[in-house]
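Biologist: I am new to this structure and would like to go through it with you. Could you put it up, please?

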Amino acid sequence: MRWSVLTGGAALLVAAGLLSACAGSGPITPEKRVAMAPLSFNEIAGWADDKHAEALATFRRSCPKLVTGPEVKIATDGGEKTVTPAEWKRICDAGAGVRAGDTKAARLFFEENFRPLVVKEPGKFTGYFEPEMRGSKAPSRLSTVPVYRRPRDLTDKPYYTRAEIEQGVLKGKGLEIVWVQDPVGLFEIQVQGSGRIHLAEGGMMTLGFDGSNNRPYTAIGSVLVEMGVMKKEDATWPAIRDWLKRNPKQARDVMRKNERYIFFRDTKSQTAAGAEGVALTTQRSMAVDTSLTPFGTPIWIDTARPLARKPGATEPYRRLMIAQDAGAAIKGPARGDVFFGSGVQAADWAGRMNSGGRAIVLVPNKS
């Protein structure tokens, strides 16, 4: 799971396999009707310049889920459309016939199998990433902060708070899977829902979400704003992280204002997975509102991305994304959360991105 540390609310991204009951979207109710309008691919700014082969490779990762899952509903200009596994199979089979890396053929694939509908309401686009930090499989002088797996006695009832867990209530129960060096870094991994640990013994461990303590979530950006430490408009994750690291004693108490604590598992994988249950692709996978737009749906976004190493500056960001993740705060037909991958640059983009724009949903065009 992933939550926002910013003041805008809690973004809940559920890791692979935990939303299996929600894989098929239900009927789109009248209050959820979406104002959409058809347009041609030639009218989409930047369409011809995108690397469609990357988007197709990402889409094909969803195909095993799409062709074996239930039928789903997708919002359209006519209200809704039912997409069956058989229709997804027809589309996926067509995609499988495109040679890898053939951008021209990939573009033609999307144009022949989908019709674009522009959402007639302002878009909002944010970002998330997979943090990295150092640790070891055994506690050491440097690695002192335990990362816990899901406790055997965890139910759907409220469990120990973050403060109680950090103070050692689970110590000695054999739940530690790795020890890390930085409590702020671990908090960041808990916010994002997954992370990568560079092990002192060599190699990498990838952590995936394995449950929470079912306690209330509090966005610490809001806490810092209420404390008068920073203004709301300045409460980006890079700024929050910098404050936490510069004020370690206060940081512990601030982080404990968020009672929610995340448990992890070693995924034995080198890639993060989204709520659809497939590996996420850097800058091609996106979290969406699956009550309106089902997993696997291609979505063109026309927005802005923070400019690297230039605070406050942005650059146009137009590309074809694939819906492969979800979030409780990702609500609405023109709302998207872009997966930026891992590393310093990904963290910077994800921590600062909060842009308007528009979304163009690609709806399967045949029954």
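This is a predicted model: local features need pLDDT of at least 70, side-chain atom pairs count only at pLDDT 80 or more; totals for chains, interfaces and linings use all residues.

Biologist: Which residue does R162 form a salt bridge with?

Modeller: The partner of R162 is E166, and their closest N and O atoms are 3.4 Å apart. E166 is partly exposed, because its relative accessible area of 36% lies between the two cut-offs of 20% and 50%.

Biologist: How are R162 and E166 placed in helix α4?

Modeller: Helix α4 covers residues 162–166, and R162 and E166 are 4 residues apart in it, so about one helical turn separates them.

Biologist: How many salt bridges does the count come to?

Modeller: The count comes to 21 salt bridges. One of them joins the side chains of D156 and K157, at 3.5 Å from N to O.

Biologist: Are D156 and K157 buried or exposed?

Modeller: D156 counts as exposed at 62% relative accessibility. K157 also counts as exposed, at 54%.

Biologist: And what does R252 form a salt bridge with?

Modeller: R252 forms one with D253, where the closest N and O atoms are 3.6 Å apart. R252 counts as partly exposed at 45% relative accessibility, and D253 counts as partly exposed at 42%. There is also a network in which salt bridges that share partners join D50, E54 and R284.

Biologist: Let us change topic to the strands. In which sense do β12 and β14 pair, parallel or antiparallel?

Modeller: Strand β12, residues 285–288, pairs with strand β14, residues 314–326, in the parallel sense over 4 bridges. Within this pairing, M286 stands opposite A323 of β14.

Biologist: How many bridges join β13 to β14?

Modeller: Strand β13, residues 298–306, is joined to β14 by 9 bridges, and these two strands run antiparallel. Here D302 stands opposite R318 of β14.

Biologist: Where do side chains point in a regular strand?

Modeller: As a general rule, they alternate between the two faces of the sheet.

Biologist: What is P38 in contact with, leaving aside its neighbours within four places in sequence?

Modeller: With those neighbours left aside, P38 is in contact with D77, P116 and L117. As for P238, it is 200 residues from P38 in sequence and 39 Å from P38 in space, C-alpha to C-alpha.

How values were computed: Residues are numbered from 1 along each chain as its sequence is written. Side-chain values use heavy atoms; hydrogens and water are left out. Two strands pair if DSSP finds at least two bridges between them. Contact means heavy atoms within 4.5 Å. A salt bridge is a side-chain nitrogen of Lys or Arg within 4 Å of a carboxyl oxygen of Asp or Glu. Buried means under 20% relative accessible area, exposed over 50%, partly exposed in between (1.4 Å probe, protein chains only).
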